[in-house]
Amino acid sequence: MDINITPKLENVQLLDKYNLRNPSKGTLYFATTHLIFVDHEMRKETWILLMHISTVERLPITTAGSPLLVRTKTFQSVFFVIPRERDCHEMHQTLLRLSQPVHIDELYCFHYKSTPDDLPKSAGWNFFDIQTEYQRMNVPNDQWVLCTANKDYELCDTYPSEVYVPARASTAVLLGSASFRSRGRLPVLAYLHHNKAAIARCSQPLSGFSARCMEDEQMLDLIRRANPNCGYMYVVDTRPRINAMVNRAAGKGYENEAFYENIKFQFSGIGNIHVMRKSLQKLVETCEQNTPTMSSFLSGLESSGWLKHIKSILDTSWWIACAIESGVSVCVHCSDGWDRTAQVCSLAALFLEPHYRTINGYQALIEKDWLSFGHKFTARCGHIACDGRERSPVFTQLLDCTWQLLRQRPEAFQFNERFLLTLHDHVHACQYGTFIGNCEKDRRDLRLSERTFSLWGYMASHLNEYKNPLYNPKAHPDTLRPDLTAQSIRFWRGMYCRHESGVHPREPLGDLLPASVEHCSALDHHINYLAKRINTFKNLLSRRKDDNNKDNAIVNYRNGNVNSVAIEAKTEELQIDNKFIYESGGSLSEMESANHDHPLKETSANSQSTKPKKIPLITEKLDASLPASLALLEKEVNTVALDWKSVKNVTECSCSTPLDHYSRKHHCWGCGRCVCTRCVRGRSPLPALASARPAPLCAACSPTSPPPAPPPHTNIN
């Protein structure tokens with residue numbers, strides 16, 4: 001990309017809607033992948049990934065300078081005031097160009113270079129296999145088989161190369177049904193329940209007002225008959241009825257119940273991509289109010305209709321799940337079968353199958369129902385410059401619906417809120433090739449598995465950040481039953497208002513609990529270490545006492561004759577009063593005043609008259625793992641911090657990186673401080689832990705680790 005970029009702009013102001021009278025002043029830097037504002041006085045940095053930029057708007061010039069409003073796809077709004085109007089114009093044009101590349105080869109993922117410590121480029125691309133996923137559902141079987149007709153994407157270029165169809169479906173039926181469906185997206189298997197009820201998916205039929213297709217009618221009948229436990233099936237059209245009727249005028253539409261036997265038809269009324277895009281715009285405007293009141297926020301939230309749309313998606317998904325649970329198969333479609341169909345099919349499977357509520361299962365669900373079946377990620381997320389009407393928050397709504405369920409039933413999900421937010425941000429960041437392209441064929445043509453890194457590989461190396469401490473796989477071993485009443489659908493502040501500053505701290509319980517669990521683990525290992533040391537000293541003292549008893553023969557000179565020596569086995573008469581010596585001899589230490597069997601006291605006769613300069617442990621030759629002196633022992637014990645700093649009020653790392661409620665905070669096991677992800681990369685075993693597992697350490701406590709590097713590209717926030 002040959003673009004003239006101004007490396008930095010001085011004296012730029014950053015306005016905060018909560019503190020308009022005291023804006024931050026600093027330098028605006030233009031990096032290869034980020035726009036960075038640095039407030040040197042407050043030691044504050046604001047990083048904006050260029051691919052996250054959604055809109056850039058120039059506002060009327062003021063006396064302070066030229067305002068520039070930058071909105072991101074992660075719902076961050078940044079208001080800059082640039083002193084010179086010409087600099088503002090150049091910045092505006094540059095951001096527009098870099099945030100929406102013209103060619104797909106210009107995307108970040110094709111130029112991203114991983115650090116040597118990260119996983120190799122191939123990691124993650126082989127985590128998911130569609131045949132393995134269907135085998136987990138016991139497919140193929142007597143009713144469903146693998147179809148090879150789409151091996152080269154000749155049957156449908158937006159479907160995966162491997163699709164599963166009824167075993168009795170002939171090639172003529174498949175070809176005829178594909179020709180009668182929009183974009184050739186014929187009905188195929190998406191999910192098979194253990195009771196043999198199936199979820200099939202497709203696109204709308206090209207029926208118009210009276211057209212029919214015998215092969216398509218046979219295809220649906222074969223899907224119905226693949227479930228031997230029910231004599232009928234449902235066809236769910238996720239669109240509002242009026243929209244489906246309008247499409248009839250264009251030669252498309254929906255199935256005529258008179259032509260399809262044993263079919264029960266159902267409309268669900270989910271809005272199209274244009275309705276959802278406008279709804280999200282209104283929601284963002286509501287969240288950007290400078291002085292929001294309770295009434296203005298609630299009225300804005302209501303007028304946006306966002307929560308109403310979330311509820312309608314969940315209602316439809318739950319309806320499908322209930323039908324499947326009752327043993328009735330369902331065929332789902334919308335217009336083209338890659339937006340609303342993907343939403344409800346994946347959420348219905350989420351209700352029915354506990355596997356999809358795990359980290360790996362949810363990733364497999366995205367791979368199967370979204371990536372393989374052709375959700376248009378590049379178009380819907382605006383990865384490259386294209387028609388703005390194609391953009392829509394379809395995948396964001398899936399994550400929002402999942403969060404609603406996670407909030408209601410946290411014990412049913414292995415992942416936490418950060419897992420969902422990470423997925424959302426990386427879908428738009430284009431740092432990894434996982435979500436690039438509009439279908440499986442696009443990704444193969446671009447050779448993404450060879451040229452880019454996989455998001456799944458990155459997330460696999462950070463699994464501890466995404467684990468839900470409340471997860472209990474036995475809590476919901478079967479169908480997850482949600483509460484879909486109107487008052488139970490909540491506004492997701494963690495997504496849409498996560499970048500707000502100047503308000504009260506918001507530390508999620510999902511971060512406090514892992515920190516407490518980790519702290520308890522560190523203390524348990526330290527207690528085990530102390531117990532081991534105490535037992536070692538007990539054994540050594542016992543051994544020493546036994547040795548003293550063997551040598552407990554002393555000379556008795558009571559007869560006054562040095563030549564006649566009597567050996568006395570009893571020692572009571574010559575025992576030393578330690579208290580008397582300690583009180584009378586001020587120069588004697590407590591150890592010198594002790595009995596001769598003290599473990600830290602010299603045993604030679606000469607040592608009784610002079611105080612040694614160094615008091616070595618008598619055990620140093622018996623146990624090589626013990627420190628050689630008291631100072632070294634004390635140093636070893638203190639390598640583990642007993643008190644950890646609370647994560648509630650931490651706002652900044654020692655490296656000056658800001659830490660908000662969304663940032664992952666780590667504890668150094670050596671000093672107990674909270675640090676950011678890049679500062680806790682050092683891991684090494686600690687002597688005061690009864691565990692060989694490497695413990696997280698900050699740069700100060702890990703002398704072998706290099707100082708923190710500049711923020712890596714993986715930190716897209």
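Helices here are DSSP runs of H or I with at least four residues, and strands are runs of E with at least two, both numbered from the N terminus. What I am showing is a predicted model, in which local features need pLDDT of at least 70, side-chain atom pairs count only at pLDDT 80 or more, and totals for chains, interfaces and linings use all residues. Residues are numbered from 1 along each chain as its sequence is written, and side-chain values use heavy atoms, with hydrogens and water left out.

Let me start with Asp-339, which is found in the loop between S14 and H9. Asp-339 is buried at a relative accessible area of 7%, where buried means under 20%, exposed over 50% and partly exposed in between, with a 1.4 Å probe and protein chains only. Leaving aside neighbours within four places in sequence, Asp-339 is in contact, that is, has heavy atoms within 4.5 Å, with residues including Ile-273, Cys-334 and Arg-380.

Ser-335 sits in the loop between strand S14 (329-333) and helix H9 (340-352), and at 18% relative accessibility Ser-335 also counts as buried.

The unreviewed UniProt entry lists a "binding site" that includes Asn-272, Ile-273, Cys-334, Ser-335 and Asp-339; such positions are given in the numbering used here, feature names are shortened, and annotations may be inferred rather than shown by experiment. The listed residues are spread over 69 residues of sequence, yet they cluster in space, with a largest C-alpha distance of 12.3 Å.

Finally, the cysteines: with a disulfide taken as a pair of cysteine sulfur atoms within 2.5 Å, the count comes to zero. For Cys-334, the nearest cysteine sulfur, that of Cys-345, is 9.0 Å away.
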